[in-house]
Amino acid sequence: MNASKLIDKQIADLGDWRSKVFARLRKLINAADPDIIEDWKWNTAVWNRDGMVCAVGGFKDHVKVNFFKGAFLEDPHGLFNAGLEAKAT
């Protein structure tokens, strides 16, 4: 099964509000860069463009977006990078 089909299945398997959030994030990611490539790594959705850009995963009570170089993004309000132990994500 290709990556896009695996992502479709992952979204469908969530089956609740997380499916809607995940599908919306997927749409936003793909719209932000038409050349981005959907991939499947670590049993979850990953998007690549000259390297890994982000991953999205559905968990019991939340949906997580991980930007692989996110620690280097500006975060003037400390909403996203605050308290993270990872040096890059």
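Is E38 buried or exposed? E38 is buried, with a relative accessible area of 16%; buried means under 20% relative accessible area, exposed over 50%, and partly exposed in between, for a 1.4 Å probe and protein chains only.

## Basis of the report

This is a predicted model, in which local features need pLDDT of at least 70 and side-chain atom pairs count only at pLDDT 80 or more, while totals for chains, interfaces and linings use all residues. Residues are numbered from 1 along each chain as its sequence is written, and side-chain values use heavy atoms, with hydrogens and water left out.

Side chains of opposite charge can pair when their charged atoms come close. Seven salt bridges are found in a search of the whole structure; the term stands for a side-chain nitrogen of Lys or Arg within 4 Å of a carboxyl oxygen of Asp or Glu.

One of them joins D8 to R26, with 2.5 Å between the closest N and O atoms. D8 belongs to helix α1 (residues 3–14) and R26 to helix α2 (residues 17–32), so this pair ties together parts 18 residues apart in sequence. Helices (H or I, at least four residues) and strands (E, at least two) are DSSP runs, numbered from the N terminus. D8 is partly exposed at 38% relative accessible area, whereas R26 is buried at 13%.

R26 also forms a salt bridge with E38, where the closest N and O atoms are 2.7 Å apart. Here the link runs between distant parts of the chain, from helix α2 to E38 in strand β1 (residues 37–41), 12 residues apart.

## A further pair and the network

D39 and K41 meet through their side chains in a salt bridge of 3.6 Å, N to O. D39 is partly exposed at 23% relative accessibility, and K41 is partly exposed with a relative accessible area of 30%. Through shared partners, salt bridges join D8, R26 and E38 into one network.

## The second largest pocket

A pocket is an open set of points on a 1 Å grid over the protein atoms alone, where a 1.4 Å probe fits, with protein on both sides within 12 Å along at least five of seven lines; lining residues have an atom within 4 Å of a point. The second largest pocket has a volume of about 160 Å³, a volume being the space filled by probe spheres set on the points, which are joined across faces, edges and corners.

Its lining includes Q10, W42, K64 and F68. Strands β3 (52–58) and β4 (63–67) are the elements that give two or more residues to this lining, and β3 supplies the largest share, four residues.
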